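Take a look at the structure below. We will walk through a sheet, a whole chain and a contact surface.

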Amino acid sequence: MAQRGLLYRVGQDRYVVAPIEASALSQAAPPELLIDLALGSHPYYIGFLSALIAHRLTDLHSASASAAVPADVRPRGRTSIALKIARLSPRAWPAPDEIERFRVLEGTKEFAHRSAVERALVDGLLRPDLCAGFETVVLAWGRAGRRADVSWDRVAQAARGIGDATARRAAFMLGLLSLETIVERHFADLEGRAANTPLDRSNGFNLDRSEIERDPRTGILLNVPRRHLRGWVEAGADA
Amino acid sequence: MIEYPDDDVIGKGSRRHAIPETVLVRDLVRVVEVMNLERQGFFGKESVLAGSMALRCFKSPRFTVYDADFSTTENAARRPEEMRRMLAYEDDDLVIAPDPLTPHDAHGTAWKSEPIRFDPVFTSLVPNRDDRSFKADISFRGLVCEGIECELLVPYEMGLWSRPPTVWIMNPHEVVAEKVLGWCVNRLVKHYADLAFIGVASNPSGRPRLIELDGMKLREALANKLEAMRGLQPARYAAFGSVDDLVDDLDRAANLNQAQWQAIVYLREHRDRFKPDLLEGAVREILVPMLRAPGRA
């Protein structure tokens, strides 16, 4: 059956039997269900670029999916799914309300777990490398800035829950979106002098040290040209 | 409207071009939407298909998946409710149901319908409702060049039609102007990638030459577009007082980083050709000289 493209391994001791007319795994089941089958024996959530796509925060598509598991979980065995996995420390693991359970297929009782829109934004700052890079992340924040269904208080709480560096990055991004009230409410205690946190963890621009500006309020090192940031936020808001 | 492909054909196309099936089906639906508008007489010199779908008519290999862009002059602008009616479509195999149009900017010169939901009865490959939508952006900001009529091309062989339909698309001179502004002001790599493709496709020494560009007309289109946008969004365009400011900026090193580059989706067979070095060379060595004022190096 495997040779005929009808049997696919999706996790340890877990297989999908495809309908006879299927010619690929993707025709046998939605990717979210396959991820749930592969990872569902442990805590996990679909996140990063997959979540940005699902929440319509980017127009990109991806041939692979991305998900997170706790740091001590090691999914075993090869699967037929193109899956990028991040292992998160207990501190960085989302609070229950930062993950949503959703039905993967209409009319079925199959569910999967995905980061809520607020957590998806914060995860972009945590792992831009899993979100198609920092341009995609900032565009997503710009787009979210126009949406009524995004709670910026929850964004701030999710960032604070992860740790100091992510909190500083989030505070800077909220300032970039002119959400000063949220910054004051959640990040008034940040001391800019106490930190040197690069904004883009993936350091995509690889700027010379002399070109890197420091944000005095958050201690963020702007390793992305400010002009790019402004342009991306505006373009995101236009989308 | 088209010969709807079956799941097997869609699956093969998906694997050949490394595009998920859901995305490919959405693209087919966008094609039907364009043909639907064409049949209702939407397109003309003053009302055109824009964006990446228009560039595909010149064989652009960049693949985008979510929005369909249209642009009209002020004269050809349609009321939002009329536009929504035109966007709606139904046949035995497909239903397209647009949401009401909402203003995209404070001036009311651009509108969008999002989501436009569709029900693709012709395939079983899009089972999730979330995957069955796209967006239409309609700009009434005015065209600075008359549209041109050409065949609507798609980048895959699926036997959709015996002969491609013709539509009016944005004049490539105006596309260059929009993309130059998009890169210089918003720093979006997709605009730079499209400029590079136009550079390659219009290279006077290239064979075949897919796009004919005229330097004077390019500068004129860019000047008119810049003036229009400075009127609409003066703060955003404040750094660029003239066409030469834009061309100077375009001539600087693009510094495309790896992650940005990887976010650009090319069809699989073109992926190895369109690399950052080629993009930068095409923009700085082909387009920039065309955009320079005569006598100014």
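Two strands pair if DSSP finds at least two bridges between them. Helices (H or I, at least four residues) and strands (E, at least two) are DSSP runs, numbered from the N terminus. This is a predicted model: local features need pLDDT of at least 70, side-chain atom pairs count only at pLDDT 80 or more, and totals for chains, interfaces and linings use all residues. Residues are numbered from 1 along each chain as its sequence is written, while chains are lettered from A and ligands numbered from 1 in the order in which they are written.

Start in chain A. Three strands form an open sheet there, in the order S8-S10-S9, with mixed pairing. Strands S8 (197-198) and S9 (213-214) of chain A stand at the edges, each with a single partner strand, so one side of each has no neighbour in the sheet. S8(A) runs parallel to strand S10 (residues 220-222) of chain A, joined by two bridges. A:Thr197 stands opposite A:Ile220 in S10(A).

Now turn to chain B. It has 10 helices and nine strands. Buried residues (20 or more other C-beta atoms within 10 Å of their own, with C-beta atoms placed from the backbone) make up 46% of its 297 residues.

Where do the chains touch? Two residues are in contact if their C-beta atoms, placed from the backbone, lie within 7 Å. On this count, 30 residues of chain B are in contact with 28 residues of chain A. On the chain B side, helices H1 (7-17), H2 (21-39), H5 (172-186) and H9 (258-262) of chain B each give two or more residues.

Terms used
A residue is buried if 20 or more other C-beta atoms lie within 10 Å of its own, exposed if 12 or fewer, and partly exposed in between; C-beta atoms are placed from the backbone.
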